Amino acid sequence: MRKIKIGLFGFGVVGQGIHQVLGRSKNANAEIIGICVRNPDKPRAVAADRSLFTASPDAILDNPEVDLVVEVIDDAAASYDIVRRALLKGIPVVSGNKTMLARHLPELIAIQKENGVALLYDASSCGSIPVIRNLEEYYDNDLLLEVKGILNGSSNYILSRVFDHGADYADALRQAQELGFAESDPSFDIEGYDSLFKLVIITVHALGAYVAPERIFTYGISTIHDSDIRYAREKGVKIKLVAQVVKVSDECFTMFVMPEFVTPDKYIYSVDDEYNGVVIRGECYDRQFMFGKGAGSLPTASSILSDIMARLHDYRYEYKKMNFLQKPDYTTEITLRIYARYSETDVPHILRFDRIYEQYYSDDSNYVIADVSLSELLAKRDRLRSEDVFLANLTRFFQDRDC
Ligand code: HSE
């Protein structure tokens, strides 16, 4: 079998993990022949041959020996530039950069097609869980109705620490950073954007539809308060940051990211710490559940290794649903039942509720349980991002069929 010669971009948490995983695997017919980093002289925890390092992307992209680019850098703009240039030169790429992929997938899919070159990115969504390739290959039909889950390890780690262990939010966030789960800008994790980008990528392979991130309602956990945790405990539920894409009819689907009150009968109730959990629901097979480490150096690197191995067999995504199935339309005209907790911000006057079920007032905090359309939440999202507001989904809309 041939040996793949890899040009690696990035030698941070994931890049070093790839170096270790490749060293550990006995059948990985792959060798790193160049490593591009911003500062080649920086000391690294994982020892690698110093002669491999360069600060010049061209030294890798113009090296005729390189037959696979593996890109795991942190900067989405630089990642886009490298991936695009490599594909245009006909060099296949494995990437883990969800931010870049979620923003540029339509163009990168077109370039793959025009240049007959592959871009693989299973590591971009849910770390070690093989979500993308499964959606592409096994769920290669129109029975799929919903993909829903915990897609961000850091926010789940924080929620678990705070909820189950009574930890302080700021301490838990710091731990998530120290353990290498969090993004360099952790607001991506806790404000829901990391989950959003993964959801955008997943939807391309689940339903064959691309929806630009700014069109999707996204709400995070940064404003969670003791009173929300108390409320959830009283109701016997956990608060999880959940991303979901759901077919609401044969013609339409919806998608959003927001905290959710999860009841103990749901698979994702037991997904704690940095683990991710993805529930796939479809006609005929009901629900299936995938669980695993969604963040961290070696789990993410193992997913990259799987894509490297797939390239040994010339595997590429065919984007079957995008190319061959009738694509449903994206809609935000659905009703959610939400919990909205607030103090100064007058949420009941900002949001046009369809129906109010419960309202509670006290000196320091108020909440309302009400039905509201997703389009209304999307339209008012900036005003709902105040420090004193927290929203959670009560899963009313999907009550009968919810994962
Ligand atoms: N920051 C991400 C997470 C890393 O916490 O899930 C994996 O994508």
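Predicted model: local features only at pLDDT ≥ 70, side-chain atom pairs only at ≥ 80, totals over all residues.

Residues are numbered from 1 along each chain as its sequence is written, and side-chain values use heavy atoms, with hydrogens and water left out.

**Exercise 1.** Find which polar side-chain atoms lie by oxygen or nitrogen atoms of the ligand.

*Solution.* Step 1: start with the shell (a heavy atom within 4 Å of the ligand), which includes K98, D189 and K198.

Step 1: look for N or O pairs within 3.5 Å. K98 puts a polar side-chain atom 2.7 Å from a ligand oxygen. For D189, the distance to a ligand nitrogen is 2.7 Å. K198 sits 2.9 Å from a ligand oxygen, again through a polar side-chain atom.

Step 2: check the cover. The ligand alone exposes 250 Å², and the protein buries 92% of that (Shrake-Rupley, 1.4 Å probe).

**Exercise 2.** Work out the strand order of the open sheet and say which strands stand at its edges.

*Solution.* Step 1: using DSSP strands of at least two residues, paired by at least two bridges, read the 6 strands as β3-β2-β1-β4-β5-β6, with parallel pairing.

Step 1: β3 (53–54) and β6 (119–120) each have a single partner strand, so one side of each lacks a neighbour in the sheet.

Step 2: zoom in on β3. Its parallel pairing with β2 (residues 30–36) runs over 2 bridges, and C36 stands opposite T54.

Note on methods. Polar contact = N/O pair within 3.5 Å; in protein donor to acceptor, adjacent residues only side chain to side chain. Helix = DSSP H or I, 4+ residues; strand = E, 2+ residues; numbered from the N terminus.
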